[in-house]
Amino acid sequence: MNKKEKIATILIVDDEESIRDSMRILLSENYHVLFASDGRQAIEIVKNSPPDLMLLDIRLPEIDGIEVLKRVKDLEPDLDVIMVTAMNTVQYAVEAIKAGAYDYITKPFDIATISTLVEKITEKKALLKENLYLKEEIHKKFQFEKIIGNSPAMREIFSLISQISRNDSTILIQGESGTGKELVARAIHNTSGRVNKLFVPVNCAAIPENLLESELFGHEKGAFTGAFDRKLGKFEIAEGGTLFLDEIGSLPLSMQGKLLRALQEKEIERVGGSKPIPTDVRIISATNTDLNRAVLDDKFRKDLYYRLNVIPIIVPPLKDRREDITFLVEHFLSYYNNEFGKNIKGFSESAMGALYNYDWPGNVRELQNLVERVTALSKTDIIEVNRLPKEIVSRESDSVIDISSDLDFKKASMKFEAAFIKRVLEKAKGRKSKAAELMGIHRNTLLQIERKLKDRSS
């Protein structure tokens, strides 16, 4: 069994020592097994540390199994209980099922039957937890699973991801909105030992402050007005996997202390609950704000910041990695061609020039939205510059040369050369030999022009 997985806890309740010993031999290799020899002891265990499954003998001293079953179901309605007895009668079976038992088996035990039943129940619990998560996620918009880029900044991030994915250190991803912080977090999860468990994102800025604690830690039935049922929080849903806390900088101070405790103690407590619940999750958080400044302004706890910022990753804005625009456009265009049943071959040279020169304040998300829009609306197989929004086209025309009343011809020429070379270098992904080839000049000539422009500007 993978050590990263949480081992299910099974409580065996039987007054016969030989039965308890048999169960220990049968189950202890793959499960954490607890034992009780009477009903009172079993109820106390459930009250203090509820197991995932209980095997309960019907005939017990003082309190019989049916009564124990009723009491533990009052304490833990979701606890699965298998009733065990030497009497194979319909009456006991019906009574046990009515009282909330999952199933009913008789002595002497069939080892294969018990093993199969226990495995079935533990797998069912895991599926129920996953379904709770999937129901909340099913209406969310598709998000690209791959990070696209070949710029030096992105190659450095790829290298860092490969180094840190195999450990469980907490990670703080910083970057402007739309740069792809969640995609980086997903990539870390997908290359980690937790890949077979859930990746659970939580947007801390989108949840009202009065609901945040319940969202993260869950709540018990009746914990507050409207809490009609027990609800699992994101920590429990992400058990064994990764919890991604997006926009962590917006977390209220009242919640920061509770989150810090959960990280330090590796346990949570549901709202309205009284029992600590152990957790095993990897925490990745993200922010588009300066948490250092927030700490200095007493808006973010210093101790929580240090706890989250064990390994920092900074995702650069798109304007600082323009060489990735071609890769991103090709990727998004391929996806939306398939999505809309189109066969658009690409953008014209002038349209790509406009994309290169635009600063993309909305970063990759803005570029993705643009490609989606023009793909959906385009009636030709090449997207021309006149199909782009005015703010992008105007930036393209303005960026060629910025004319003002006091700009003479030599200065204008120098400005044009510098802008032109910069664009070609971006198209050549920084490779000067390739840039020179595109311009039809020798590499040494390009180097001489760059030196000349540098001397003139100094």
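Visitor: Let's start with Trp360: is Trp360 buried or exposed?
Guide: Trp360 counts as buried, at 1% relative accessibility (buried means under 20% relative accessible area, exposed over 50% and partly exposed in between, with a 1.4 Å probe and protein chains only). This is a predicted model, where local features need pLDDT of at least 70, side-chain atom pairs need 80 or more, and totals for chains, interfaces and linings use all residues. Residues are numbered from 1 along each chain as its sequence is written, and side-chain values use heavy atoms, leaving out hydrogens and water.

Visitor: Where in the chain do Phe217 and Phe235 sit?
Guide: Phe217 is in helix H8 (residues 209-217) and Phe235 in helix H9 (residues 234-237), so this pair links distant parts of the chain, 18 residues apart (helices are DSSP runs of H or I, at least four residues, numbered from the N terminus). Phe217 is buried at 4%, and Phe235 is buried at 1%.

Visitor: Why is the pair of Tyr358 and Trp360 edge-to-face?
Guide: Because their planes are at 80°, with the ring centres 4.7 Å apart. Tyr358 is buried too, at 9%.

Visitor: New topic: which residue lies over the face of Phe35?
Guide: Arg24, at 4.5 Å from the ring centre (the rule asks for NZ of Lys or CZ of Arg within 6 Å of the centre and within 35 degrees of the ring normal).

Methods: Helix = DSSP H or I, 4+ residues; strand = E, 2+ residues; numbered from the N terminus. Phe/Tyr/Trp six-rings, centres within 6.5 Å; stacked < 30°, edge-to-face > 60°.
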